[in-house]
Amino acid sequence: MRADARKNYDRLLVVAREVVTEHGADASLRDVARKADVGLGTLYRHFPTREALIEALLRTDVDELRAQAADLELSGTPEDALLTWFRGSVAITHEYRGLSGLLVAALEDPESALNVSCVALHDAGTRLLHRAQDAGVARADIDGTDLFALVAAAAWVYDQPSLAPRADHLFSVMSSAVLPNEASHVVTQERPGPPR
């Protein structure tokens with residue numbers, strides 16, 4: 001990538017993070033280009049779709065959470081590992097209002113720019129869930145897709161102004177439903193709070 005193209009790409013990501021954080025996943029791409037002081041064509045050359053832009057914004061966070069999940073899979077207790085992944089996934093999903101629906105749809109759409117990140121996040125959670133199930137600490141009647149749906153549901157709750165005051169409590173309820181023997185552990189751990 002040429003230096004000027006790289007500069008535009010980096011500037012677009014910085015501005016897009018601000019705009020999408022403020023206005024949600026449906027933020028105006030025209031506003032992103034205008035605030036980045038580039039033409040709309042430049043934005044589309046770098047990010048041909050809204051999903052491609054969102055994927056670029058999420059990639060670092062998803063990669064970090066996947067690496068953390070891999071470390072926890074080897075070093076943490078099954079409960080702590082799964083809860084850390086759950087908390088981190090909710091935080092990533094909540095960062096941009098309205099993202100949970102896009103992520104759920106992208107999980108089943110291999111053509112989506114978000115699919116690779118969604119599958120990676122889903123698979124990391126599934127491995128941690130299986131480990132917790134094998135240890136007898138997580139419910140046996142759920143799978144990775146159920147867990148991914150709970151992430152989306154928890155992030156959605158944080159996005160709702162009328163429900164946000166109850167979001168930490170509801171996160172705790174969901175966590176203790178997944179890890180029923182860890183209810184007191186879940187309640188006393190740090191919760192997502194309004195993530196980021």
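1. Helices (H or I, at least four residues) and strands (E, at least two) are DSSP runs, numbered from the N terminus. This is a predicted model: local features need pLDDT of at least 70, side-chain atom pairs count only at pLDDT 80 or more, and totals for chains, interfaces and linings use all residues. Residues are numbered from 1 along each chain as its sequence is written, and side-chain values use heavy atoms, with hydrogens and water left out.

2. Residues 28-47 are 70% helix and 0% strand. The end C-alpha atoms of this span lie 13 Å apart. An unreviewed UniProt entry gives residues 28-47 the feature "DNA-binding region". UniProt positions follow the numbering used here, feature names are shortened, and annotations may be inferred rather than shown by experiment.

3. Asp 37 sits in the loop between α2 (29-35) and α3 (40-46). Its phi is near 60 degrees, a positive value in a residue other than glycine. Most residues other than glycine have a negative phi. Asp 37 has a relative accessible area of 70%, so it counts as exposed (exposed is over 50%, buried under 20%, partly exposed in between; 1.4 Å probe, protein chains only).

4. Thr 42 belongs to helix α3. Thr 42 is buried because its relative accessible area is 14%. Neighbours within four places in sequence aside, Thr 42 is in contact (heavy atoms within 4.5 Å) with Asn 8 and Leu 12. From Thr 42 to Leu 29, 13 residues apart in sequence, the C-alpha distance is 11 Å.

5. Pro 48 lies in the loop between α3 and α4 (50-75). Its relative accessibility is 57%, so Pro 48 is exposed.
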